Amino acid sequence: MEQRTFIVDENGEDLRIDKYLALLMEDCSRSYIQKIIGDQSVTVNGKSVKANYKVGIGDAVEIQIPDPVILDIQPENITLDILYEDDDILIINKPKDMVVHPAPGHYTGTLVNAVMYHCGDQLSTINGVLRPGIVHRIDKDTTGVLVICKNDKAHRAVAEQLAVHSITRAYHAIVYNNIKEDEGTVDAPIGRMDADRKKMGINRKNGRHAVTHYRVLERFGRYTYIECRLETGRTHQIRVHMASIGHPLLGDTVYGPSKDPFKLEGQALHAKLLGFQHPTTGQYVEFESPLPDYFTALLNKLRQTSGNK
């Protein structure tokens, strides 16, 4: 276990401790720092603190960084749909039914196994051995565009944009019921539900700030085709937010009806567009993923049955 100690000077005064440490520990992401704070591995003047604690001049901050876990995550020759690649980033069009990163009991067949084979040792290490190169994720059954970072500099640059919500993320979805208004916003905190810890929901007491903007692309009577743009990136955000206003995603049997009339085997949700400042050039770049075949076929079927052609 590695131990680090910092004494706060005037440059750090009144900063949240997670932000203060992220500025000093460039080899660690802010999310990782928040994790070790949550694990009570960070103390100020000998006492454990929370991530929102504001440091003061003269505070003695001690961090216990646990030894890295050695796991045998193997590269696998899995075909990737690559939308763009350079020395810093890899833009992937993720297929349905692919898990992004390994988890206990599920260490093969993931996107990480595939990018390890494709990139070799050219992947960021900030998020540890389970998530090399992974800055953000999308659900197993969600398709679409995802960025992989090849080095720690690129990872930090993209992660910081995610933290301040400056990244453009647009998703296409098909939801139950007709949305009468042309556009709208859901601003409601999301957190785990006490009754079922595996499910997320609107949690006004302990949830995290979450905002989703949506606009109607096409109406089919009983169903609506929409675009959602995220300000935040909470777990299951679009699924929870749309269900909370009476428009769960088609195929989502967790937050919507238990029976799916189209037997989609997962929600009709596609990460269509991703835009951010390139970590090296600083120029804004944008990547778009074509709709998957199942999504296009579903749209065509809805158009035929509703009379929209």
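**Close-ups of a predicted model**

View 1. If you want to pick them out, the buried set is Leu111, Val112, Asn113, Ala114, Val115, Met116 and Cys119.

**View 2. A negative patch on the surface.** Four acidic residues come together here: Asp9, Glu10, Glu13 and Asp14 form a negative surface patch. Zoom in on Asp14 and you'll find it in the loop that links β1 (2-7) to α1 (17-24). Asp14 counts as exposed because its relative accessibility is 52%, and the cut-off for that label is over 50%.

**View 3. His165 and its positive phi.** His165 has a phi near 60°, which is a positive value in a residue other than glycine. That's worth a look, as most residues other than glycine have a negative phi. His165 sits in the loop between α4 (152-163) and β8 (168-176). With 38% relative accessibility, His165 counts as partly exposed.

**View 4. Another histidine with a positive phi, His236.** Here too phi is near 60°, again a positive value in a non-glycine residue. The loop holding His236 runs between β13 (223-230) and α5 (237-244).

Definitions and conventions:
Residues numbered from 1 in each chain as written. Predicted model: local features only at pLDDT ≥ 70, side-chain atom pairs only at ≥ 80, totals over all residues. Heavy atoms only, no water. Patch = residues over 30% accessible without salt bridge, like charges linked within 9 Å, V, L, I, M, F, W, Y side chains within 5 Å. Areas by Shrake-Rupley, 256 points an atom, 1.4 Å probe, with all protein chains shown as cover. Salt bridge = Lys/Arg side-chain N within 4 Å of Asp/Glu carboxyl O. Lys, Arg positive; Asp, Glu negative; His and termini not counted. Charge placed at Lys NZ, Arg CZ, Asp CG, Glu CD. Helix = DSSP H or I, 4+ residues; strand = E, 2+ residues; numbered from the N terminus. Buried < 20%, exposed > 50% of the residue type's maximum accessible area, 1.4 Å probe, protein only.
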